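Please read the text alongside the sequence and the model.

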Amino acid sequence: MLWNNDRPLDSTLDIEEYTTFITNSIIEATQEDIPRTKQTAREYIPSEVSKSLIKQKHQAYQRWKKTGADIDKRQYYNSKILLSNSLRNDKRNNFSKLMSSLCHKKMYSDKVWLTVRKFHNKRIKQMYANVMNYNNKTASSDKEKADLFADYFENEVYSQTADTLPFHDQVTDQASNIRNRRTASLNTAKWKLIKVEEVKYHIKQLRNSSTGPDNIHNRCLKNYSKLLIQHITKLYNAILKLGYIPAMWKKANIILLLKPKKDKKHPSSYRPISLLSCIGKLLEKIIKQRLMLQLKRRNILPQHQAGFRPGKSTIYNIIRLERYADGQLKRPGLRRHSAVILFDIKAAFGSVWHDGLIYKLNDLRLPRYIISYLISFLNDRTAAIELENILSRPFNLKSGTPQGSPLSPLLYIMYTADSMNEIPTHTEHGLFADDTALWTSGHTLTSLKSRLQQSINEFESWCKSWKLKLQPTKTELIHFSLHPRKKYKNPVIVKVENTTIKPLDSTRYLGVIIDKRLKWRTHLDHIEAKIAPRIGLLRYLSIAAQEPNNKTMINIYKSIVRTVIIYGYPILLTADQKIWDRLQIMQNKALRAAFGLPIYTSVKYIHNISNISKIKGYAIGLLKRAIRKASTDNDSTLRNRLQGILDKI
């Protein structure tokens with residue numbers, strides 16, 4: 001298959017044909033390179049002795065059924081017993097071989113983590129209910145279930161919300177004008193061409209991920225040839241020149257993940273993940289990097305949006321909230337009441353209003369070629385539900401951005417960048433992608449309630465204007481108080497979408513369990529429950545490997561246990577010593593399990609042989625490192641708060 005390099009790419013048809021040529025070339029090369037033999041999935045490979053015994057057993061069985069002689073019957077049962085013993089020995093040998101990766105003097109990371117993954121976070125095949133129901137429809141076969149999911153996502157998630165405000169009509173008209181004039185503007189626009197080096201750089205950053213509808217894997221791109229890179233670069237530049245994305249790249253196969261503790265029978269219990277073309281996602285990564293440079297240079301994104309941004313993490317807003325609430329509770333002279341409300345937006349990524357996003361992209365005065373590319377990215381997207389290797393009917397995505405696209409999180413935080421503009425100055429906010437929190441304080445409960453309700457109303461109004469829907473049943477409120485059981489005559493009760501929200505004793509925010517007294521005992525209970533099976537795994541690996549390498553076991557401990565114990569360390573450093581005593585006990589248990597030591601082994605001994613510092617000392621070291629990084633990133637807000645925590649230790 002050859003392509004005329006002199007042929008210009010001046011139309012959408014040229015781009016479609018060139019994309020098909022590149023896709024087919026990669027698929028043909030992959031098929032020639034990969035063996036055609038079908039790989040059978042086995043837990044272990046039988047030894048030659050077992051294979052011989054299997055053959056003997058079959059022969060003995062055939063003779064016995066043919067002759068009916070007792071001697072043939074006994075020979076069959078004897079060979080059956082010998083085969084069972086041989087297979088048992090094979091399993092033991094393979095298990096010993098698997099565990100031997102933990103015993104090498106030098107740690108071979110790939111083999112070690114392959115062994116750990118056999119037992120930790122083991123992938124379990126997604127199971128669906130035998131019968132599913134939606135909108136008075138019942139589905140029992142896989143095809144019926146796939147089509148039922150397609151109906152649900154088309155009607156409930158990726159549907160177009162009706163215009164209810166005059167503002168909506170204005171935005172729709174403006175977005176239509178932007179679409180109509182984008183082609184003409186591209187002819188005169190100047191933009192930086194994508195170079196071969198830029199494509200190579202992003203290919204090196206690719207991770208192994210599932211293939212999209214074109215069946216091209218990232219591994220195929222990583223094993224690129226010089227000619228392939230040249231073709232891909234030429235295609236990408238033509239796409240940006242015309243502002244047109246090939247139709248194949250806008251198709252998605254959606255797989256479904258069951259949400260924790262949800263009913264399998266209802267489609268709303270599943271989270272959609274879009275499997276997209278890997279070649280298309282590579283271009284999305286290039287556009288994302290260029291877009292991030294624009295946003296950072298012009299300081300467009302809100303300061304307190306910490307989601308999917310370099311140099312920021314969940315800890316940023318957790319610290320801000322904790323320092324604010326703690327400061328109000330322990331304020332010298334006169335304490336103030338404070339509260340936080342955590343919002344849940346229904347199908348946040350799937351509810352992004354396309355016309356609204358195009359309107360905002362144009363309003364930000366981004367480069368024309370990026371706006372044109374993103375308009376094509378949003379338009380005419382289709383998807384099909386993939387269930388047990390069966391595809392549903394295709395359906396159109398009339399709203400939202402596909403979960404699984406590198407661009408989707410960035411587009412969402414750009415769409416919601418102005419969501420806090422009208423919030424009163426007496427209320428602070430924290431954003432992490434679609435997680436939104438508002439907190440404020442007041443001298444009296446009446447003042448606190450009034451301020452919080454005012455901020456809620458403003459956020460509700462913004463959501464209504466931009467067609468995002470809040471879920472009051474999943475919205476949670478915490479009223480911070482030093483009194484564990486005190487009941488107020490006028491409690492802090494607010495309304496979201498005309499639904500009354502009452503304060504809770506504790507709630508989860510960005511992975512940390514926050515309680516109303518900021519004592520963190522509930523969070524520690526959560527940590528203990530989470531690490532208990534991990535400690536059990538450490539103990540099992542230590543026993544099964546018989547004589548594992550201590551350094552290997554320490555690395556496993558650091559990866560699967562200590563990361564959980566230490567999460568949220570800056571706010572925990574503000575707690576009393578009893579919290580750190582409990583955390584130290586957790587570390588002691590984990591280290592004893594990793595080394596296969598009895599429970600009465602002294603703390604001093606296990607820390608000497610492991611050369612691991614006490615958990616609080618390790619947390620203080622992380623805090624100092626975080627302060628240095630915040631200083632390097634010129635993040636004065638985070639640096640000041642972290643330094644304040646360090647000064648109090």
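Two strands are taken to pair if DSSP finds at least two bridges between them, and the strands themselves (E, at least two residues) are DSSP runs, as are helices (H or I, at least four residues), numbered from the N terminus. This is a predicted model, in which local features need pLDDT of at least 70 and side-chain atom pairs count only at pLDDT 80 or more, while totals for chains, interfaces and linings use all residues. Residues are numbered from 1 along each chain as its sequence is written, and side-chain values use heavy atoms, with hydrogens and water left out.

**Strand pairing**
- Strand β9 (residues 427-432) pairs with β10 in the antiparallel sense over six bridges, and glutamate 428 stands opposite tryptophan 439 in β10.
- β9 and β10 form a hairpin with two residues between them, and alanine 433 in the turn has a positive phi of about 55°.
- Strand β5 (residues 337-343) runs antiparallel to β10 and is joined to it by seven bridges; alanine 339 has threonine 440 of β10 as its bridge partner.
- In strand β10 (residues 435-442), seven of the eight residues are buried, meaning under 20% relative accessible area, with exposed being over 50% and partly exposed in between (1.4 Å probe, protein chains only).

**Cysteines**
- Zero disulfides are found in a search of the whole structure, a disulfide being a pair of cysteine sulfur atoms within 2.5 Å.
- For cysteine 278, which is in no disulfide, the nearest cysteine sulfur is that of cysteine 220, 8.3 Å away.
- Cysteine 278 is buried, with a relative accessible area of 0%, and cysteine 463 counts as buried at 1%.

**Domains**
- The protein chain is divided into domain 1 (52-104), domain 2 (137-302 + 352-404), domain 3 (314-347 + 414-515) and domain 4 (521-647), with bounds that come from an automatic or database domain assignment.
- The centres of domain 2 and domain 4, taken over C-alpha atoms, are separated by 40 Å.
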